[in-house]
Amino acid sequence: MSYNLLKGKKGIIFGALDENSIAWKTAERIHEEGGTFVLTNAPVAMRLGQIKDLAAKTGSEIIPADATSEEDLDNLVAKSMEILGGKIDFVLHAIGMSINVRKGRSYTDEKYDFTTKGWDVSALSFHKVLQSLYKADAMREWGSIVALTYMAAQRVFPDYNDMADNKAYLESVARSFGYFFGKEKNVRVNTISQSPTPTTAGQGVKGFDGFISYAEKMSPLGNATALECADYTVTLFSDLTRKVTMQNLFHDGGFSNTGVSQEVIERFTE
Ligand code: NAI
């Protein structure tokens, strides 16, 4: 169902790789709500992904950018304003990747070159995106910026590995930069802490199937899907949440506040 919540709003969407990506579903929902946007992803992901299909479907242009490159980001921000014909109302950062996870290195056996690269991609890139937008004065007043995170930033999930530290950093950047963006530009900056979701990045986590079923059984409302995350992001990009900023917002069916559920207890009393 469409409510025209984003009619006339313009934005940039990072991280749509394939149709399972949270950013992909968000792009589709934003399009339905009347928003227009530029799609961006790392040049290598463009070759692997199906982003062209999404661009055609939503009438969007694609600008490649490695989110760790300040030069790429400055170019992306300038070109997006040209294409969209003015300042930016919304930005979605949906980027994550741990090289330690990919290479099978555990948290107690990190290779620090991998750690640094994964942190740059998953966490520092958010600061770089914000700084590039800030310096170019690219955000329209009452605009909104969202990044995606996971609860391993607050609680231990052993196989989430160094991504837990990356997410803690990402959430801190949202708060710190949110202060300056709020004070000086009346722009919101928030993170959404999403349930486990079957995407390329999600399924890279060891034991993901167990992880997602456990969360499903623990959450009173069940896991939030990628489409539901897209819906929530639409509300944060809309004018209905103008005073929500510097928050880490749990979108997890109640998982984060549940100690144990009846279903999980029953598994242990069988
Ligand atoms: P995905 O694999 O579809 O998206 C990750 C994206 O990051 C890809 O499009 C990839 O190309 C992009 N990326 C990687 N390196 C990049 C770089 N250097 N520059 C620009 N883009 C780069 O997976 P998903 O799950 O949609 O991930 C989106 C966000 O949601 C991530 O931040 C992830 O950590 C977060 N998240 C995912 C959850 C899950 O269970 N899938 C749960 C909670 C948060």
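This is a predicted model: local features need pLDDT of at least 70, side-chain atom pairs count only at pLDDT 80 or more; totals for chains, interfaces and linings use all residues.
Helix α8 supplies three residues to the shell around the ligand, the largest share; helices (H or I, at least four residues) and strands (E, at least two) are DSSP runs, numbered from the N terminus. At least two shell residues come from each of β5 (139–149) and α8 (200–203).

Residues are numbered from 1 along each chain as its sequence is written, and side-chain values use heavy atoms, with hydrogens and water left out. The protein chain averages a pLDDT (the predictor's confidence in each residue, from 0 to 100) of 96, and 100% of the residues score at least 70. The model has an ipTM of 0.99 and a pTM of 0.98.

Around the ligand there are 27 residues, of which G15, S21, N41, T197 and T199 come nearest; a residue is near if one of its heavy atoms lies within 4 Å. By class, 14 are nonpolar, eleven polar and two charged (Ala, Val, Leu, Ile, Met, Phe, Trp, Tyr, Cys and Pro count as nonpolar, Asp, Glu, Lys and Arg as charged, and the others, Gly among them, as polar).

Which atoms approach one another? Ligand oxygen atoms lie 2.6 Å from an N or O atom in the side chain of S21 and 2.7 Å from one in the side chain of N41.

Terms used:
A polar contact is a pair of N or O atoms within 3.5 Å; within protein, one must be able to donate a hydrogen and the other to accept it, and residues adjacent in sequence count only if both atoms are side-chain atoms.
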